[in-house]
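Dear colleague,

Please find below the structure that I am handing over to you.

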Amino acid sequence: ICHLFGDPGLRARMGAMGHARFVRDFSIECVLARLVTIYRGFGIEPLAARRPAASGYQGMKPMPCFSQ
């Protein structure tokens, strides 16, 4: 903490890296993609995926953050 206090550049770099990780791993798209995988693991198809394409819903597109 003391080292960070004395190094504004390091604080900025670490803050930027933390923000990038948050956006990559915890954006709503990534969290929803993980939840869909969990539901499907239990044999439950999410409601949005069951809607007919005629309603204008084109289905979930793959999320680049979901690489597990």
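In which helix is Val 31 found? Val 31 is found in helix 3, where helices are DSSP runs of H or I with at least four residues, numbered from the N terminus. The model is a predicted one, in which local features need pLDDT of at least 70, side-chain atom pairs count only at pLDDT 80 or more, and totals for chains, interfaces and linings use all residues. Residues are numbered from 1 along each chain as its sequence is written, and side-chain values use heavy atoms, without hydrogens and water.

Val 31 counts as partly exposed because its relative accessibility is 32%; the class lies between buried (under 20%) and exposed (over 50%), with a 1.4 Å probe and protein chains only.

Val 31 belongs to a nonpolar surface patch of about 1,100 Å², whose members include Phe 22, Phe 26, Leu 35 and Phe 42. Helix 2 (8–26) and helix 3 (28–41) each give two or more residues to this patch, and helix 3 gives the most, with six. Patch residues have over 30% relative accessible area and no salt bridge, and nonpolar side chains are joined within 5 Å.

Three salt bridges were counted, each being a side-chain nitrogen of Lys or Arg within 4 Å of a carboxyl oxygen of Asp or Glu. One joins Glu 45 and Arg 40 (2.8 Å, N to O). Salt bridges that share partners join Arg 21, Arg 24 and Asp 25 into one network: Arg 21 meets Asp 25 at 3.4 Å, and Arg 24 meets Asp 25 at 2.9 Å. Asp 25 counts as buried, at 14% relative accessibility, whereas Arg 21 is partly exposed at 48%.

Yours sincerely

Definitions and conventions: Patch = residues over 30% accessible without salt bridge, like charges linked within 9 Å, V, L, I, M, F, W, Y side chains within 5 Å. Areas by Shrake-Rupley, 256 points an atom, 1.4 Å probe, with all protein chains shown as cover.
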